[in-house]
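Please read them with the coordinates open.

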Amino acid sequence: MRMAISPGRDASFSSQKSALSESPRTKRFPLTEEEIFYMNCRAAYLTVFKSSLENIISKEQLYLALQHAGRNPSQKTINKYWTPQTAKLNFDDFCIILRKEKPTSKAELLKSFKQLDVNDNGSILHTDLYKLLTKRGEKMTPEEVDAIISLADVNADGKFDYIKFCKVYMTTNEQCLKTTVEKLEVDSKLRRQQFGSHIEGSPERDPSPVPKPSPRTIRKTDQETFSNKGDTRSSLLAATRKFKTSVSCTITMDVNSNRNSKLTEPDSIKVFGWTGELGPGIYWLIPSTTGCRLRKERKPITEEAQLVYRDETGELFLTKEFRSTLSDIFEVIDLDGNGLLSLEEYNFFELRTSGEKCDEDAWAVCRDNFDTKKNELTRQGFMDLNLMEANDREGDPRDLWVTVHSMGYNKALELTEACPFIIDIYADKCKPRIKAVHMEACSGQLEKAICKSVLNKGNPRVMDGYEDIIVHTYKHDTWITSVIENKSDNKVIIHINNELSKNCVNNRGLNIFAVEVAPKSTMVCQHVMPLNERQEWIYYCVYSLMS
């Protein structure tokens, strides 16, 4: 069976053919600094609330929203904005607070820690840190300090590495803000909302009005300066409360020597095999890539390939290069390899390129007008079908380009965003039957299958003090997959640090990142593979629960 999947995505054959407008695309202007500020405000607010029309009704909600906006307020800062007379704050109030409370810079954070670094070596003894955080100023509980000291990636030999902590802290802040903004951008429903007094700007970029504070905003704020830059203790305490607990995982992997499960063919074609016993029944084979190496190519295309041309008489033809590409596509969708396309096989192609199926009546018309054999479309018939599509548009290749892109080819007709594969099945005592089944786009079928497999076979590790949060790690000869299970009733944010791994590459493309896990759910955290298969590789990852 032949098919192609997109690298780093679920195996799915229903990407939609874009609706091509006849009019030029609306010109997009770069966002202004003011619009970026409001986008960040909205993203943070809507991470906590379902709508910007909802109000902040507690100190805890204010603290959480400010954290999602990249701020780390101390209790003293929260008390400035939430007095005993404060009943609620709205979105506009929130924006005003963000304007006044600037994010803590790395330099300010380092300065806070340097005051405690008596040896000027980038670390603080745990005993000194404990005394400072529990005895002076805004005190922390012993449990909170123990949580800080137990963070595996910033503590060693009885010392707290504050330089590494500052780096992790700043990266986490940036990643959290980036995640909330991306979540907002992909949700078209949220983009259409009116957020507080600020409405989504039009392409003409009308100046956005400054939000009017509500009567509930603290009256004293107009006369006060709210910058905490001089309050190093507040910055320190807010930062160290970022993580509640952490757990680390270390796996040393030898050079892969399993020649039976993985054979190298000419031209870097990989062959993977599995042997085992299966009882009677129906089994799902879900091919996928980890996304560690096969990622979206970003190199610029200098010259666009030509798909069609006219001869001296004006007749339209497919170019040699495009015919070669269509022939390769034909091979991919010819699932049984008989050199012909059945209606079922053709519909996999249609679902991937247009999102629609061809019914029996339309297939009968196809058989009457194009070359077929045994009621199935030949390779030449497939070519003529695409030529007809070009003739219907009077030589305009835009619909053809939609087909090309949907199948994973770029403007130079290079296959850069799909990975063709072949599945062969052999059995001793029976004749197995294999049938291709369409996977619904964004259904999460692949994600669910991976999570189920890792939970069954992986090594579970519970977050210290949080038995409802479990990190499952599955080790294979050629890759490692981790899954996070959240059994609690609340969503959690997990910070992941791979900086100490050696000769590794992951599907996220980042050594440090954060993921949000919904309540009562599991999610694939990352896939990791060796950068160089001929060398030893060490997987060292620290998972930290963010407060």
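This is a predicted model: local features need pLDDT of at least 70, side-chain atom pairs count only at pLDDT 80 or more; totals for chains, interfaces and linings use all residues.

1. The protein has an average pLDDT of 77, and 76% of the residues reach at least 70. By element, the highest mean is 96, for strand 15 (residues 480–486), and the lowest is 35, for strand 6 (residues 262–264).

2. Two stretches should be read with their scores in view. Residues 7–28 stay under 50 in pLDDT, and the model gives them 60 contacts beyond four places in sequence. Residues 257–268 also stay under 50, with 17 such contacts.

3. The largest nonpolar core holds 31 residues, and Leu377 and Phe382 have the most contacts inside it. Two or more residues each come from strand 9 (316–318), helix 11 (320–333), helix 12 (343–353), helix 13 (360–369), helix 14 (379–392) and helix 15 (398–406). Helix 11 contributes the most, with 6 residues.

4. Beyond its neighbours within four places in sequence, Phe382 touches Leu326, Ile329, Phe330, Ile333, Leu341, Phe349 and Leu377. A separate second core has 23 residues, among them Met253, Val471, Phe513 and Trp537.

5. Is Val454, at 2% relative accessibility, buried or exposed? Val454 counts as buried because that value is under the 20% cut-off. Val454 sits in helix 16 (residues 445–457). Outside four places in sequence, its contacts are His472, Tyr474, Thr481 and Val483. For His472, 18 residues away along the chain, the C-alpha separation from Val454 is 6.7 Å.

Terms used: Residues are numbered from 1 along each chain as its sequence is written. Side-chain values use heavy atoms; hydrogens and water are left out. A nonpolar core is a set of buried Ala, Val, Leu, Ile, Met, Phe, Trp, Tyr and Cys residues joined through side-chain atoms within 4.5 Å. Buried means under 20% relative accessible area, exposed over 50%, partly exposed in between (1.4 Å probe, protein chains only). Helices (H or I, at least four residues) and strands (E, at least two) are DSSP runs, numbered from the N terminus. Contact means heavy atoms within 4.5 Å. pLDDT is the predictor's confidence in each residue, from 0 to 100.
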